[in-house]
Amino acid sequence: MEKSRIALAFALSLAVMLVWQYFFAPPLPPPGDAAAPPAAGRPAASEAPGTTDQASPAAPSDIAPADAPARDITVETPLWRATFSNRGGVLTRFVLKALPNGRALRASDGKSELEVLTTTSRRGDPGAPTTELGAAFELIAAGQDELTAFFNQSRYRVEGAVTEALSVGDGETATLTFGLSTDQGYQIVKQYVIRGGRYDFDFLADVKKDGAPVPVMFRLGPNFGDQVFAEYDGYTHTPPHAVTVIGGNATFTPFTSVDATPPSAGKPAYLTKPNTAWCALTDHYFAFTAIPPQPGTVQLSRRDAVTRFQGRDVKREYVFLDVPTVNAAANIIYIGPKDRTYLASVSQLLKTERNLDVDLRELNDYGWLAFFVRPLIPALDWLLRFFYAQTQNYGWAIVLLTFVVNMLLFPLRWKTAVSFRKAAVHAPRHKELAERLKQLQAQKVKMDDPRMLELQREQIQLMKESLPIMGCLPILLQLPIFVAIYVYLQLSVDLRQAAFIGWLTDLSMPDPWHVLPVVLCVTQIGQSYLMPQPPGPEDPALAMQRKIIVWVMPILFAALFFWSAPSGLVVYWMAGNIIGITQQLIINRMLPPIPAASPSPGGAADASAADGKDKKKKFNPRPA
């Protein structure tokens with residue numbers, strides 16, 4: 001994902017900056033054309049598109065039975081509101097109302113409802129053209145377009161005394177059933193089992209012809225995600241993905257990786273995913289997930305549509321997931337936030353209630369950095385929630401989280417400073433050995449000459465005593481923690497529309513006045529200036545490198561990475577800089593004076609001792 005590439009580039013750039021400062025300053029596979037064989041025990045619907053089941057019945061001629069008037073049923077729960085249509089018995093609209101903790105959800109503009117599912121292309125300007133894309137839970141008969149059209153264009157009867165508005169409270173359960181019978185022997189039942197106070201519900205499809213099961217698939221998507229923002233970005237409006245979990249491993253497929261079906265094409269271009277245990281469509285914070293009763297071959301297809309945003313045409317990709325189903329068997333559907341803690345509780349609940357071994361936390365994509373980010377996430381998540389419980393403000397919770405992390409890392413910062421302070425005493429000796437080496441080379445002394453060998457032994461011994469590489473290692477060890485916090489804060493739905501102070505009303509959005517990036521840049525310069533430098537002779541080139549690291553790189557980082565970054569990320573990094581400056585000032589006062597260098601047979605011992613004596617008189621936190 002884009003956010004992973006940004007975080008990786010950030011981490012590598014930071015590592016280069018630190019090492020430079022200390023040492024130099026004083027494809028996915030292409031869509032298959034052939035179908036994978038159906039899994040054992042699966043109905044023939046799991047075969048690739050284009051294949052025709054010879055035993056499948058033909059579609060009846062009566063596409064829209066007249067005995068069922070058009071109806072839309074609105075189902076309301078404390079967490080979401082959905083609209084179902086009896087034309088196809090499908091889900092046409094889904095609005096998320098609140099997070100699991102009860103905090104209200106709104107769209108990215110802060111005004112509209114958070115509509116995450118519609119039947120048309122993503123909402124644009126008023127009066128902008130839209131494209132009909134289909135609806136969620138349409139039934140698909142592989143290779144039989146007429147039968148598929150019959151399933152999805154027929155008007156089903158609504159079973160039972162169900163009104164147009166159905167309310168399901170916490171702890172309550174309601175069943176919405178759509179049925180269709182024809183003179184040709186078709187009997188179709190689509191059923192939704194709704195549970196109040198939960199984001200998951202059941203979907204069942206039972207399709208028969210003259211009592212014999214008809215193999216079908218049901219459709220996820222295509223238009224899922226926050227409907228109101230204009231452009232994708234690398235932070236909180238990341239491009240949507242299709243998720244397929246095979247053998248416990250989640251694969252994230254960008255929509256752009258699926259071949260688009262041309263408008264004039266008779267059949268969709270499919271990307272097949274055999275043996276998929278469960279799958280989902282995701283945007284940055286939310287997911288539309290389906291867990292079928294058994295693994296099967298999921299088919300991905302894509303359609304493109306153009307709408308108008310802010311006075312210009314914008315093309316978007318929309319992906320369908322066609323999921324094999326088993327007649328009359330429940331498919332578990334989850335439409336809700338990708339909150340890591342809540343997903344863990346849902347997974348545990350499904351294991352208790354259904355004996356299902358699924359981990360919905362796989363919906364969170366940590367990208368290439370997952371191998372060291374994922375183990376740190378539980379502790380970071382617990383700390384952030386704990387501090388929020390104390391402050392009721394996620395901005396201050398981030399500040400406290402940053403403080404705790406920096407205090408835990410203080411011993412590493414101290415070790416770095418001590419390492420470089422020890423190296424400072426050997427600076428004159430390094431300079432002396434370098435001068436002696438130049439003299440011997442000027443005299444064209446051979447490498448096997450005893451004088452040259454003795455000089456090399458002295459250099460090796462001195463390097464063992466003063467090489468500051470061990471001082472850099474603690475800094476590098478901190479990088480996984482910093483990057484883990486960086487990635488975690490990007491994915492945390494709790495920061496979405498969470499206020500901090502004053503003008504900062506949404507920690508998931510950039511600072512509208514860009515005050516935080518400017519302050520971050522200033523604090524980054526201050527921290528870089530105070531960092532201890534390795535000793536060495538004065539060199540104009542190194543001095544220039546030092547100026548670039550202290551002054552230029554913080555400005556570039558603020559402009560490239562943090563100018564449009566979410567406020568929560570900037571608060572975290574800015575607080576880390578301020579705490580780092582404070583710690584460095586304390587370290588500079590705690591460090592003992594630089595001791596005198598030990599005498600050496602080369603003649604510069606007196607100079608080294610004098611140098612150490614002078615430094616005892618006046619403490620210098622940044623030795624030259």
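Two strands count as paired if DSSP finds at least two bridges between them. With that in mind, Thr-282 stands opposite Ala-287 in strand β18. Please remember that this is a predicted model.

**Strand β17 and its partners**
- β17 covers residues 278-282, and five of its five residues are buried.
- Both of its faces are covered: Trp-278, Ala-280 and Thr-282 are buried on one side, and Cys-279 and Leu-281 are buried on the other.
- β17 runs antiparallel to β18, and four bridges join the two.
- A hairpin of three residues links β17 to β18.
- β17 also pairs with strand β14 (residues 241-246), again in the antiparallel sense, over five bridges.
- In that pairing, His-241 has Thr-282 of β17 as its bridge partner.

**An open sheet**
- Six strands make an open sheet with mixed pairing, in the order β7-β1-β2-β3-β4-β13.
- β7 (165-167) and β13 (223-224) stand at the edges with a single partner strand each, so one side of each has no neighbour in the sheet.
- Inside this sheet, β3 and β4 (residues 114-118) run antiparallel and are joined by three bridges.
- Leu-96 stands opposite Leu-114 in β4.

- In soluble globular proteins, nonpolar side chains tend to be buried together.
- The largest nonpolar core here has 79 residues, and those touching the most other members are Trp-80, Phe-94, Phe-137, Phe-151 and Phe-288.
- Strand β18 (residues 286-291) gives the largest share of this core, five residues.
- Another core, of 48 residues, lies apart from it and has Phe-387, Leu-516, Val-571 and Trp-573 among its members.
- Beyond its neighbours within four places in sequence, Trp-80 has contacts that include Phe-94, Leu-96, Ile-194 and Phe-201.

**The largest pocket**
- The largest pocket holds about 960 Å³ of space.
- Its lining has 38 residues, and the closest to the centre are Leu-133, Glu-138, Arg-219, Arg-303 and Phe-320.
- β3 (90-96), α2 (145-153) and β19 (296-309) are the elements that give two or more residues to this lining.
- By class, the lining is made of 15 nonpolar, 14 polar and nine charged residues.

**A buried asparagine**
- Is Asn-406 buried or exposed? Its relative accessibility is 4%, so Asn-406 counts as buried.
- Asn-406 is part of helix α6 (residues 394-408).
- Leaving aside neighbours within four places in sequence, Asn-406 is in contact with Arg-413, Gly-576, Ile-579 and Gln-583.

Methods: Residues are numbered from 1 along each chain as its sequence is written. This is a predicted model: local features need pLDDT of at least 70, side-chain atom pairs count only at pLDDT 80 or more; totals for chains, interfaces and linings use all residues. Side-chain values use heavy atoms; hydrogens and water are left out. On a 1 Å grid over the protein atoms alone, a cavity is a set of points where a 1.4 Å probe fits but cannot get out, and a pocket is an open set with protein on both sides within 12 Å along at least five of seven lines; lining residues have an atom within 4 Å of a point. Grid points are joined across faces, edges and corners, and a volume is the space filled by probe spheres set on the points. Ala, Val, Leu, Ile, Met, Phe, Trp, Tyr, Cys and Pro count as nonpolar, Asp, Glu, Lys and Arg as charged, and the others, Gly among them, as polar. A nonpolar core is a set of buried Ala, Val, Leu, Ile, Met, Phe, Trp, Tyr and Cys residues joined through side-chain atoms within 4.5 Å. Buried means under 20% relative accessible area, exposed over 50%, partly exposed in between (1.4 Å probe, protein chains only). Contact means heavy atoms within 4.5 Å.
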